[in-house]
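Let's walk through this one from the overall fold of the longer description down to the contacts. The structure comes up next.

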Amino acid sequence: MSTLSEADSRTLVAAAGVTVSRWATADDADNAAVAAEEMGFPVVVKLCGDAIAHKSERGLVRLSLTSADDVRGAATELLGAATESDGDVELLVSTMVSGDRELIAGLVRDPQFGPCVMLGVGGVLAEAVADVAFRLAPLERLDAHELIDDLGAQTLLGPFRGQPAVDRDVLADTLCALGDLASDPTIASIDLNPLIVFEGQPMAVDALVERT
Amino acid sequence: MARDLTPLFEPRGVVVTGVSSHPGKFGFVTLHNLLSCGYQGEVFAVGRPDPEGTAATILSRPVLTSVDALPEGAAELLVVCTPVSANEQIIRTAAGRGIRAVFVAAGGYSEAGEEGAKAEARLVALADELGLVLAGPNGQGITSPPVDLCAQIVAPFPPRGRIGVASQSGNFVSAFQNYATQTGIGISRSVSAGNAAATSIADYLEWFADDPETNVGLCYLEGLTDGRDFFERVRAITPRMPVVVVKGGATSGGQRAAASHTGSLASDDRVFDGMARQAGMVRAMTIEAAFEAAATLATQPLPGGSSVVVLTTAGGWGVVAADAITAHRDLTLTTLPDDLLTAADAMLPPRWSRNNPVDLAGGETRETIPELLDMVAGHPGVDSVVQLGLGIQGNTAALTRNGPFHPDHGLERIVDFHERQERRYAEAAADASTTHDKPVLVASELAVTQPGNPMVAAVRSTDRLCYPSADRAVAALGHLVRYAAWRRARA
């Protein structure tokens, strides 16, 4: 099995209909700064490559950058942190999406039931809370809506801390898109972790596609 | 197109092999059960009358020494209680005599190791070659109450009803049969699928869905060889027949990709649960809850929505039921509509709760409960009704009737009155349900503690389940409401 870079993962899932946060790639620090200015601050800069699956653990993510200088500085450090085994790397600049609510969604191939779409409550407590539910892919829209209804934390999906309710249609689009991707036999699994809910809109701020 | 299992469940004539004079052996017991439960077809015993071969009959039946001796076309079902080594030849010969379905009760197949697995594979190939329905091996048998067929190595023979049971555990077939016997909510067909070598749970469910005797499928699953196939097939059934499932046994999910966070959260049970919901299956977590869900689906109309009103003769029951409904994600403890409140005010004593639960606070008169049941069930804002607190008068009547003063001191009359009232309440609940085409569930611990209580007995005589507690009624109703919503959404 191999993983796709975040950039390639984003391209693949977005083409299928997953809402992802605004992003661009850059091959050096100056181009990263240009991209950041185009999309507006604050931004996130990450080191991106096929061999880099777990960026956070290695400190390869810089959050809340608010100026071109900050982006240039962070980008230079990240490029410097790349190791030989990382292979080809580039910089990924994306809009810094903030929201109190984080979800996780994905596609997994179950040995008994085949491809399944997952939706869960995300964030640092995700595994402890384990509020997750599954449907077998592909999903009809009704299946997607019922999958959303299955989450225990329904209050999290309603109006929350001054933010509007989660747009269930957008979330259903993302879930159906994940289900549709199951028809590609070269995809072993997909993680959208997290999906951050910003003003009611759930969008993936990271994506990881694993190839069979 | 479902496989035709008619020769298994409605055979013209049955043959049992492995019949010996030992009344503890499977062959003998199966023959006994076939002859004792009213089956009208011909029954043939094949085996050894006794070790010396002197007696020619068992249970007053002539015993054939070989299936060769079967009259051509006289029997369609062969129940195999002979050892593995003999069975292939027996089945081949029997097929030549007109047998169309085989239930292999005998063990020693795939459950017993490699040699057994090979014998099982040969059995499947043989059935394919001969065009036979093959059930089992290693199963307890089948029952088919509509034709009084009890072809199983165990008891009980359940009462006739609308629930079709297919189970990968024979013991749970018996458990469902025991609940059917206890509650009177009967069974249309039951099969212990055994190793399910050729005929799977999905095959049985598909046939049940087309079976005019069966309204609800009830199955116990332990392992699925092809989960995806099961999902697709059950999903095609559930729009016309509800299927209740209990799943036992967790299997290993450790082989999933380590790089995927999604994978680490994908326990077998969560995936199974999502699959069951997506397919419209009713998943129960215990055997008892599964039976009660199936019994509810078999005896109550599907509700049009989630709103529930609780009626109770006294406080505590209603409070606990209200808690259970409020905590249930598929049910709504509905606020009493204004017009219903006004109408109830005119009918009830001033101290009634004026809220849902509708608590009569002991203020009912002779007509109150039947009238209230009809009025509440008839209101368009109410989808389901749970009636609690019945049976008190019947309990009092029992103590009085068995006490030293009955029938003097005017006790005969009051006892009769109490008992008559209890029957009226139970009948009123069933009538309100039938008239308004809505679920009306009656719950009382007396269902278990005093099954002879006239209210409990009357609920039973209306072909409904008297639920043993408010919580269990609410749980069963929750399954009913969820299934109805699933079906509505896809109509």
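## Ground rules and chain B overall

Helices (H or I, at least four residues) and strands (E, at least two) are DSSP runs, numbered from the N terminus. By that count, chain B has 18 helices and 20 strands. This is a predicted model, where local features need pLDDT of at least 70 and side-chain atom pairs count only at pLDDT 80 or more, while totals for chains, interfaces and linings use all residues. Residues are numbered from 1 along each chain as its sequence is written, chains are lettered from A in the order in which they are written, and side-chain values use heavy atoms, with hydrogens and water left out.

The C-alpha trace of chain B spans about 80 × 75 × 35 Å along its principal axes. Of its 491 residues, 56% are buried (under 20% relative accessible area, 1.4 Å probe, protein chains only). Taking contacts (heavy atoms within 4.5 Å) with a separation of 6 or more, 74% in chain B link residues 24 or more positions apart.

## Two domains in chain B

An automatic or database domain assignment sets the bounds: chain B splits into domain 1 (6–294) and domain 2 (301–489). Their C-alpha centres sit 38 Å apart. Between them, 21 residues of domain 1 touch 13 residues of domain 2, and about 1400 Å² is buried, with carbon and sulfur atoms giving 53%. Buried area here is the accessible area (1.4 Å probe) that two parts lose on being put together, summed over both. On the domain 1 side, Ile185(B), Arg277(B) and Glu292(B) lose the most area, together 35% of what that side buries.

The rule for salt bridges (a side-chain nitrogen of Lys or Arg within 4 Å of a carboxyl oxygen of Asp or Glu) finds two across this domain interface. In chain B, Arg472(B) and Glu288(B) also pair up in a salt bridge, N to O at 3.2 Å.

## Where chain B meets chain A

At the chain interface, 31 residues of chain B are in contact with 39 of chain A. The buried area is about 2700 Å², 54% of it from carbon and sulfur atoms.

Three salt bridges cross between the chains. Asp143(A) and Arg490(B) form a salt bridge, with the closest N and O atoms 3.3 Å apart. On the chain B side, α7 (227–237), α8 (261–265), α9 (268–278) and α18 (470–489) each supply at least two residues. The largest share, eight residues, comes from α9(B).

Conventions
Buried < 20%, exposed > 50% of the residue type's maximum accessible area, 1.4 Å probe, protein only.
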